[in-house]
Amino acid sequence: MQGSVIMHVVYLVSMIFFSGVWSQALYEVTYPSKSVCALKDSSVFLLCSYYPGPYGIHTGHWYREKVLNGDPKDLREEPENRNRVWILYSENVCNLYIYPLKESDSGVYYYGFKARTSSYSQITSWIHGSPGINVTVLKDVQLKVDPTSVTQRWIKLTCATSCRLDTTAMYQWCRNEKYLYDTQETIYIDSTSGSKSEGSYRCVVQAGGYSLTSSDVCVSGPDCWGVTYRSGSVCGLKGSSVVMSCSYKYPGGHQFERGHWHRKVSRSGGEPGDLSLNPLFRDRVEISADRGNCSLAIQDLKESDSGEYLYTFRTASSEWIAAKTGVWLSVTDLQVTVNPDTVRRYWIKVTCNTSCRGSSQLYYYWYRNGQLLENNHRQDIYLYQYSKHWEGHYSCSIQGYANHRSPDVCILGQECWDVTYASEAICALKGSTVDITCHYKYPAGHIPMSPFWFYDQEPNSEPADLSLTHVYERRVGYWGNNSVHTLRLANLTEADAREYFFRFVTDKGEKFNGRPGVTLSVTSLRVNVTPAMVTEGDTVTLTCSTTCTLTNDSTFTWFKNSRPVPTKYYTDKNHMYLDPVNSSDSGLYTCAVRGEESFPSTAETLNVRYPPRQTSVSVNSSGEIEEGHTVVLSCSCQANPPPHTYTWYRRSGPEPVLEKVTEGVNVNFTSSDEGLYHCEAHNEIGSQNSSVAEVRFTGSLQGKRLVGIGAIILAVILVFGILLSMFCRRNRSSDDKSTANKSHADAAPVYANIGAMAVSTGPANTDNRDDHGIDVEYASLQFSASKEQEEYDHTVHIKSTRLSTTRRAEDYSVVYSAVSRCRLSR
């Protein structure tokens, strides 16, 4: 059983294999040639053979495109192929004949068929010949020069086609329109033979009874090199564009390397300058060169662009090639002029002037008041002076530049006379210099003479030249041309504020005054402060004001006490802002126009008010003070306005109680007024307390009483001691008594110290300030008692000692006085 299955499988595989081989052998299309090359308009045979099998062909034809499903389209059924395509059948032969050939016939061609099978009711699918036949139809032939041979003696020329013709093709050569005997596809010419080989060559290929001829190629000789310009001269209007064109040639086989345009210069040798790299041209030129054609376009023409331009090029194996002469460019600015000799005549001659070469042969267009004048195409026209019909402005243009007209020129009519001022009103600073400018016009053909400025002095009087008057002669300057004039007035005064006029006279005796004129106003600068009364912390605006608006868009600069203000101040146009204002901002302020700092405003005072500050107490004197004299304390501070009231307060008792003592800047103290004192300063803005001052005296009456009581007690003790000693020592000598008396007489002196204390300046307000913990600097005043009298000499000793005001004066033999010192600002 297993062997039977294997035999069946082998049989089926064998049948499938041999049936495929047999079918391949039965159905086949073959082409002897895979490609065909033919000339345009000639004919072509596409050879083909096929094998339809034992039962014959059902249908078959030639076509150009394969299809996967369905029948391919018969080539003969295409409309453009009717009566031009035939199939030549014979036994197993299926040749295709096409005549005449078109360029569109190029492509791949296939023959296909369907064959009958053993059953006549069944046919095969399409049998294709693959690959097909590639047909190339030649439309031209090229003469090629081998570039590697152009520098050798023998130059290789080839009659080249895009596909290979069969061996039946024939070639023919010509030099300078004469046939040569060479009939090969490739020939060689001797470059050293001179005129015998120089010139232009062409080749002709013949096949199928038809031929193709190449274009001429210059191979050798000077005629193969050159540049030719389409026109030798070009005229362009200023501001317009112009194009210069040329063609260039070089021998076949040479490789174009580069080329450019340049302006003709006198120097010789070296590489000519590339116009596209010239800074004066590189943004205005466009250069092109392609297949022997070259052009140069220049935009925005300038008069300086006039000159001769050349195109030059080089190949990989040559020097620079250029023509001896190039293209002459004339850049002109059209201008309408009037012959001055005809101004007083009936007919005025008007000319459209241009610097173009051959300008008389140009075609001109004339315009009056912007309207084209018909039938006026000459360079010169004539106008009748005594006809209003011809009054107005004239301009002209040339053919090809209708959009580039000359400037309008007024020739006839009252409109030709005019004076226009740059500004009708001018405001200038007193002491500065001002320029007054005008533009004036007059009819073409006139020449302005003796222009000057004036102002009305007397009614109906002849204008007087301003520069010749006594008041102005050293302050006036004139300058200008035939259309613009300027008056300069220096060192302006308020008397210069008036209306000024311009006047001119022409060479034909015509006079013209420019009315109305220019009104000049002269102003000074002034500083205004807002608000009028300024308190520290306010926002203050300083304004630099004028009596008229300055003509120029002026900016201002500011000064404080004759020095430029710091940059911290914010300025805007003619304002300066102080926000917030500080007492340090007080001062004299001036302003000036930037660039005119030598003409500042008058000074304006800024007075910033503020409450008392740095309030302190100071002692009036130093040194020895005799007992019974007074100590004067002064209250001082800084304030604006100055304080109108000073109030003194004392703190006394075990638990200090504040009590008002007196008013005034200075107060006098005696030994009975000991205590802690401070003053309070008042002005319109506010008030401030000073630091505390302690007043104490050494050697006061209370101190003397204590010293006296002590002396009495000491005397009693001494007497008691003497009596006891006498009682105990009866035998003591009288010398002991003397000694005891001497000891009583030399009792130690009693000292009183008064300390003058300088308290450091405290905060702005010390009304609720605690005295504890304040460092105080003391000055010690020591009074020594005299032997001859009971009172003390007041000798002051100053020493710097840092003590705390919390210390109590329990030692009644020493009294301290605390004094704070500051400077009063008025």
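Both C48 and C94 are buried in this predicted model. The two residues are joined by a disulfide with an S to S distance of 1.9 Å. The torsion about the S-S bond of C48 and C94 is about -55°, so the disulfide is left-handed. C48 lies in the loop between β3 (44–46) and β4 (49–52), and C94 in strand β7 (residues 93–98), so the link ties together parts that are 46 residues apart in sequence.

The count of disulfides comes to 10. Among them is the bond between C159 and C203, with sulfur atoms 2.1 Å apart. This link is right-handed, with 75° about the S-S bond of C159 and C203. It connects distant parts of the chain, from C159 in strand β12 (residues 154–160) to C203 in strand β16 (residues 199–207), 44 residues apart. C159 is buried at 0% relative accessibility, and C203 is buried with a relative accessible area of 0%.

A disulfide is also formed by C635 and C679, whose sulfur atoms lie 1.9 Å apart. Its S-S torsion is about 70°, so the disulfide is right-handed. Because C635 belongs to strand β53 (residues 631–640) and C679 to strand β57 (residues 675–682), the pair ties together parts 44 residues apart in sequence. Both C635 and C679 are buried.

The sulfur of C174 is too far from the closest cysteine sulfur, in C203, for a bond, because the distance is 9.1 Å. C174 is buried, with a relative accessible area of 5%.

The largest nonpolar core has 44 residues, and I298 and I411 have the most contacts inside it. Residues touched by I411 include V336, V338, I348, V350 and C416, not counting residues up to four places away in sequence.

Notes. Residues are numbered from 1 along each chain as its sequence is written. This is a predicted model: local features need pLDDT of at least 70, side-chain atom pairs count only at pLDDT 80 or more; totals for chains, interfaces and linings use all residues. Side-chain values use heavy atoms; hydrogens and water are left out. A nonpolar core is a set of buried Ala, Val, Leu, Ile, Met, Phe, Trp, Tyr and Cys residues joined through side-chain atoms within 4.5 Å. Buried means under 20% relative accessible area, exposed over 50%, partly exposed in between (1.4 Å probe, protein chains only). Contact means heavy atoms within 4.5 Å. A disulfide is a pair of cysteine sulfur atoms within 2.5 Å. Helices (H or I, at least four residues) and strands (E, at least two) are DSSP runs, numbered from the N terminus.
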